[in-house]
Each structure stands twice: as C-alpha cells, then as structure tokens.
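Hi there,

I'm passing on the structure we talked about, with the sequence alongside. Please have a look at it first, and then read my notes below.

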Amino acid sequence: MLAQQLLNGLVVGAVYALFSLGLTLVFGMHRILNLAHGAVFMWGAFIGYFAVTLGGLPLWAAFIIAVIGAGMVSVALDLFVFRPLRRHQGDEFGTIVASIGANLILMQLAQQATNAQTLRFPFGIFPVVFFNLPGMRISLQQIVILAAVAVIVLGLLFFLFRTSLGSEARAVAVNEQTAMLLGVNPGKVYFASFFIAGMLAGAAGVILGIAFNSVTYVMGEAVMLQAFVVIVLGGLGSVLGAVLAGIVIGMIQTLTTAYISTELSDAVVFGLLFIVLLIRPNGFFSGIHTEYRVA
Amino acid sequence: MSFILTYRPLFDLICIYTVLAYSQYVALRAGLFSLATPGFASIGGYAGAILLKETSLGPVLSAIGAILCGVAAGLILSLPLARLRGAFQSIATIGFVQIMVSLALYAQPLTGGPLGMNAIPKVAGTTVLVPILIVLAALLAVINRTGIGRAFDAIRQDYTVAMSLGISVSRYFRYAFALSGAIGALGGCLLAFNTYSIQPDVFGFPMLVLVIAAVILGGRSMVAGPLVGTAFLIILPELIRPLADARLLLQGLLLILVIIYLPQGIVDSLSHRWKLRRAGNGTRGAEGKGAHELPSA
Amino acid sequence: MNSLRLEGISKRFGGLEAVAELSLAIERGRITGLIGPNGAGKTTIVNMISGLMAPSAGHIRLGDDELDGEPLYRVARRGISRTFQNVRLLREASVLENIIVGAHRHERTSLLANTLGFPAAWRERRTFRERAAQLLRRFDLEEFAGLPAGGLSYGHQRLVEVMRALAMEPDFLLLDEPVAGMNEVEARRLGAIVRDLAHEGIGVLLIEHNMRFIMEFCDMIYVIDSGRLIAQGTAPAISRDATVIKAYLGG
C-alpha cells in the first residue's frame, strides 16, 4: 500500500515539477514572479481539450498544439504585461501586481468561454492498461507521464547548458546589464524563457487534465500553492531543485491525503512552506543565483 | 430619505472594505509585499463572530479579541518573512490566504464549513462604522507623519539606503505585519458584524484582488488613497450595470493599466503634481540654480 | 573611537579577487582620500566598511571594536554614514524629508509613542525638521526644501545625499565619488564644506577618481589599483610617486 502511494506521489510530483519549472526559471532569470503561470497551465489544458473535442485530433497532436499554444499565451503575457512594465520602470512589486491582474483576466476569459463548467476529456482518450508489480500497480498512463517529464527535463537541461541561446539565458540570469554588454539580446532571452515556461506549464496542464479527468477554469489556482513550496524548497532558478522538490511535495501530499485527510493536505503543504522559509529560505539547491535576504 | 436608505448598504460596504484596504495599505506603505489581508480578515471575522455568538463578551470585547488574533497572526507570519525579500513574502502570504479559506471550509464544527456562520447580530451599523473608519484614518495619518512613517517611506523606496541610515528593516516589517493583521482582522470582524453572515469564500481571491486594486488605484502613500480606491471600485459597477458582470475582468485590466501607467495611484499622483506646481511657482526666480533640470540617468 | 581602520582586508567574488590585503586608516578630523582607476575596488571597500558586504579576510576596526560582518544598519548606528556612487535618494519624498530620514539613529521615542501620536513623537519630529533646515541653510539650498528630490539637478541631488548622511551626526563619513558630474564651482563648494566637516571632528573618507579634487582636499591619500594598495602619503608625496604616475598616466 505504501509503495503504491509513493508511486502515485512520484507521478503527481513529476507533474508539479513540470509546472513549477517554468515558474522558477522565469523568476530565477528575470526576477519576475509570474502569478499568471497557473492560468497558462489552465489554458494549456483547455487548448488540448478543444483540440481533441473540436478539432478531432489524436492525443499526441493535441498535446503538441496545447504545449505550443500555452507557450504563446506565456509570451503574450510578457509582451503585453511585463514588457510595458519594464519600459515604464516597473519594479518587482509591479510585476507581481500586474501578474495578478493578468491571471484574473485569463481566468475570467476561460470562465466565460466554458460557462464555469468542468470539462472532461472523452472517455478512452488514453488506453487504460495496468501492470502488476510486487506491492503495487502501475498504469501505462503513469509510465508515460514519468517518461514524458523525464524527456522534457532532459531537453530543458540540454537547452540551458548545451545551446548558445541557453548560455545567453544563463548570462542574463546572472546579470542582465553585463549580459547586454557582452552582446546578448535580452529581448530574445525573455521571449525564449517565457515561451519555454509556457510550454512546460501547458504540458503539465494537459497531463493533469487527463490524469484527473477534469479541466476547469480554476485548475491553475489549485496547483499554485504546491508550486510555491516547490520553488522555495528547490531553490529559485534551480532545475534540479524544482524536479526533486516537486517529487517530494507530490509524495508528501499523496501520503497526507491517503493516511490523514484530503482537507489537511493543503495545510500540511503550507506548513512545510512556512518551515522552509523559516530555516532555509534559499532552498536546498542554489540554482541561478538570487539573493534572498533583506535584513 | 429613501435615497439614503437605498444606498446605505453600499455605503457600509465601502466603509468596511476601506478598513480592509487600510490593512493592505499599511503593508505596502512599509515596502512589505504582503497580500495577507484576506487571511487576517478571515481570522478576525470568524473570531469575532464566534466570540459574539458563543460567549457573553459583547461586541466591543469580541472585536478586540478578533483584533488580537489578527495581531498574533501577523506576528507569526513575520517570523520567517520579516527578513526575506519581497517575492517570498508574496508567495507565503498568498499561500496563507488560501490556507485560511481551506481551514474555514473544513473546520466545520468551529466555522460552519461551506455554509459559514449565519445569524450574526448586526452590531456594526453605519453609526459604528463611520467613527471607526475616521479613527483608523486618523491613526494612520499620525503614523505617516512620525518616525514610523519616515522609516516606512525609506524602506519602501530603497531598503539598502534605509539600512545604511540605521533603520532595522526587519523590526519595521514585524511592526507592519502586526498592524496589518490588526486592521485586517478588524475589517473582517466588521464584515461579520454588519452583514449578518460570513462564508469562507468571502475571504478569498476576490477580496485579495479588490483590496490590492483599491490601494494601487487610490495610492499607497497618503491616507486618502485607499478610501478613494475602494469607493471607486465599489461604486463603478453600480453606476454602469452591464459592467458589473465583467467586474473581475475589469479589475484585472485596471490593475495592469494602473501599475504600468499610474503606479503611484490617483491621490498620490495628484498630490505630487500639486507639490511640483506649488514649488515651481516659488522658485521661478531661481532658474539658474538648476531647479528644473531632471537628471539624465 | 578616533579611527576607523582596515587591516589586511580582502574580498573575493567567486574566483575573482576584488580587493587584496588592504590596510588603511581613517582618522577623525582628517580627510582621507582613496583614489584609483575604475574597477580598482574602491566601491567594494566602501561597501565592506559600511556593512553591505562582509570581507573575505581581514578586520575592520572602529576604535577597539571589530566591525567586520556587522550588518548594514548596525554599522550605521555606530556613527558611520555614507553616500552612494549613483545617487540614491528617495525620489518621491521631498528634499527635506530625505534629509530627515537620515536622523533615524537619534530616534528615542518608541513605536507605540509614534503610533498613538504622543507629544514626545511630535517634539522629536520638530527637532529633526529643524536640524534638517539647518543643514539646508548651511548648504545654501533652503529653497528646495519642499521639492520632490527626484526633480533636482544631479549636482544638487548629490548635495542632498551628503546632507542626509550628515543628519545622522556621524563620526565617520564615507563619500563615494561625491563630485562626479559636478562642475568646478559646485565641486569646490563641496570641498570647502567637507573641510569644515573635518574641522568639526568628522573623519571623512573621500573616494574619487578626480585626481585634482583629491589632491586639493585630502590630508592623507591611499592609491589603489586592481584591489591592491600601491601608494600612500600626503598629496605632494603622491604626486611624485612613480608607481602612481605609471598607473594613472600609463608610464
């Protein structure tokens, strides 16, 4: 039983990691806490849903469209919200407030479009196959999710550490002014980081939408708290940190739900956030270096 | 007469939400990125309602009890957050608001769960709300003009400079958290004592947005700011009925536009412009001293 | 508490050594100059003294007390105040308000007194305002008192920053490139004021790149290059020093 819960936690955690990666990257690189990230995730799920139901596309195609679509929503956020703010000398607080506003708009649009109903992917969208292992059962869906997340994370690491655009992104993360002096075009980097963050969120959205068989306009809000803990625990800007912390949080949440109660799982997650902020706010991995202390 | 009666509930709501906006205002004034106000309001609302209904403490003592709970919550939040930078404060306080909603939903025996608490005696009518609001505004005006206001301004505008002048940022953050908690709890308590009932979702995201929009729109420096912002946000949907449905969408749009193009808010921008004009008149003869040059940086 | 001394201070950023084994002394009542080309580590040194960053090695002593590692606001409370290389005023606040903020270290009234508006709090406010007004008179900038600080010319903004640093009534004043961007007249005026301040007993550390200004106003000069001390002495001695001439004029 425990092994089964841990496995379930691993899978949920992997998706949390996927979702949180985008958030932590954009914050680590640009000091932008994008509170509309949850809405991007939600739009990814919706785009995937409509690609299947209205477009009649097979799942794999819908997934790709959703991922790209979410990337574009994310880039639009930067283009219409964060970039004008930067141009008008906005500060960090300004980006937080603006992202709250953007989140609201994206959510309201989705609410109006779906009449606040819960949508479900068509039955049988993903084959239901189980494999029996000692002490637990693993479904094909879970295997595919884990594989997909692993591939995506590796792709991200490859991008960051092996491509020239990736190294430009890392330079901007350390210091934007210096990077500009070295000839990096920050606009290109902003575009890339927001696009990638959006893609990651969109992928997580489709996966979660199928795994939990529900797509609603509030689904983004439900995962934001977990994402917060993940990015703090994992260290702002750290890819490895987000992955490991995501898995840890996923497991903790699953275990709490299974052995204590569903209601308390949120409180436990928040309690964890509180403790981490108290004893180790910089997280357990230093990623792209950001200063955390004020006084 | 019937005009007043028709609009009284709206007026009451403006008073109550201005109190809540003041809770947010205190935090922002001090440079604290806290969004915890709805959480404080939840604590104050439920504590006040429970004390009033279950004990014989009466409205005043119940309200004081609620406020003290708010102070305690603020101080607890300040334990990790007073020495961390902005983004962390936002993350933690948003989480805090969410948890408070969860707790209110699930602590059924205490809070009545999703149905909330009902039949709360209306002990905070307009005649109570207005004096409370005036006293609160006066208190905040005093704070603004004394040492605390000076320290808050410095910390908000440049915390490194503030520290280089000997200001202990964490001490003032703790104070701001406690004060924000007290005022937020007061607002929540007034909401419970005026509207007969409270539910968990009253203290959720919509309140968070309204309160932050009110302060951003109205202004986070002068005391009149939150009042102007709240009044605007509550009255506008009433004036233009079709807009009322798209209320949240508009608030979102407003937040973005204001924070980009009028970040100081209405009241502070007007006051700033008035100060410039007044000073410009006085120094017209000192052209040569470079009073009108703006630095190129 | 007559001197502020750096003993063998080093600062490393990752693999880069920004400051290496630097020793210098700032005496009260004297103007000490720190000069060096861009990137020599001058601002890093000021940041370490004021507590913005901790030295990687070495000690900073105020009289007999050790300061290294003390946080920024505690260093300030000990009577060490500074200005910043890129002027950091509170742009929204008026000139007067900017200066008053500097007096924080002398606040004696409690948080409660300030919240409830006790007479003591108002009295203190009045005292600070008078002090700020005095400073404005001394610098001959009274008419700008009510203007938002962001609207002043660059040269005037620098002066406001100095006044703010003085509102603290410091024992030691660290001026980071105070005359950058000023014209001759303004620079001389500031120099004269700094000399007065030294006569009143303040120990001034003047960091500049403007050689002439340093030579004219400093009693003791330290020359650094790439984080190391390459010469120290009085102005005449420095102007004849071969290593200094080489560093500055490229041999």
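Let me start with the two domains of chain C: their centres, taken over C-alpha atoms, are separated by 26 Å. Please keep in mind throughout that this is a predicted model. The domain assignment of chain C gives domain 1 as 1-79 + 170-251 and domain 2 as 89-169. Where they meet, eleven residues of domain 1 of chain C are in contact with ten residues of domain 2 of chain C. On the domain 1 side, at least two residues each come from α2 (72-77), β7 (172-176) and α7 (184-199) of chain C. The most come from α7(C), which gives three residues to that side. By class, the domain 1 side that touches domain 2 of chain C has eight nonpolar, one polar and two charged residues.

**The sheets of chain C**

One open sheet in chain C has six strands in the order β6-β7-β8-β3-β9-β10, with mixed pairing. Its edges are β6 (80-82) and β10 (228-233) of chain C; each has a single partner strand, so one side of each is left without a neighbour in the sheet. On average, neighbouring strands of this sheet are turned by 20° against each other, direction ignored.

Helix α1 (residues 42-50) of chain C lies across β3 (31-35), β6, β7, β8 and β9 (220-225) of chain C, and runs at about 150° to β7(C). The helix α7(C) touches β3, β7 and β8 of chain C, and its direction makes about 150° with that of β8(C).

A further open sheet has four strands in the order β2-β1-β4-β5 (chain C), and here the pairing is antiparallel. At its edges stand β2 (16-27) and β5 (65-66) of chain C, each with a single partner strand, so one side of each has no neighbour in the sheet. Strand β4 (residues 57-62) of chain C pairs with β5(C) in the antiparallel sense over two bridges. In that pairing, Glu66(C) in β5(C) is the bridge partner of Arg61(C). This sheet also has α1(C) packed on it: the helix touches β1 (3-13), β2 and β4 of chain C, and its direction makes about 65° with that of β2(C).

**How the chains meet**

Two pairs of chains touch, and the most contacts are between chains A and B. Chain A and chain C do not touch, and their nearest C-alpha atoms are 8 Å apart.

The contact between chains B and C takes 32 residues from chain B and 39 residues from chain C. The elements of chain B that each supply at least two residues to the side that touches chain C are α6 (126-145), α7 (147-157), α8 (159-164) and α14 (265-282). Of these, α7(B) gives the most, with seven residues. The side of chain B that touches chain C has, by class, 17 nonpolar, nine polar and six charged residues.

Between chains A and B, the contact takes 35 residues from chain A and 38 residues from chain B. Two or more residues each come from α3 (59-87), α4 (92-114), α9 (219-234) and α11 (262-279) of chain A. With twelve residues, α4(A) gives the most to the side of chain A that touches chain B. That side has 26 nonpolar, five polar and four charged residues.

**A helix pair in chain A**

How do α9(A) and α11(A) pack against each other? They do so at an angle of about 25°, with their axes 10 Å apart, and they are therefore roughly parallel to each other. The crossing of α9(A) past α11(A) is left-handed. The contact is made by residues including Leu225(A), Phe228(A) and Val232(A) of α9(A), and Val269(A), Phe270(A) and Leu273(A) of α11(A). By class, the residues of this helix contact divide into eleven nonpolar, one polar and one charged.

Enjoy looking through it, and write back whenever you like.

Best wishes

Technical notes. Residues numbered from 1 in each chain as written. Chains lettered and ligands numbered in written order. Predicted model: local features only at pLDDT ≥ 70, side-chain atom pairs only at ≥ 80, totals over all residues. Contact = placed C-beta atoms within 7 Å. Nonpolar A, V, L, I, M, F, W, Y, C, P; charged D, E, K, R; others polar. Axes fitted to C-alpha atoms, helices over the stretch in contact; angles between N-to-C directions. Parallel < 35°, antiparallel > 145°, perpendicular 65-115°, else oblique. Left-handed = near helix turned anticlockwise from the far one by under 90°. Domains from an automatic or database assignment. Pairing = 2+ DSSP bridges.
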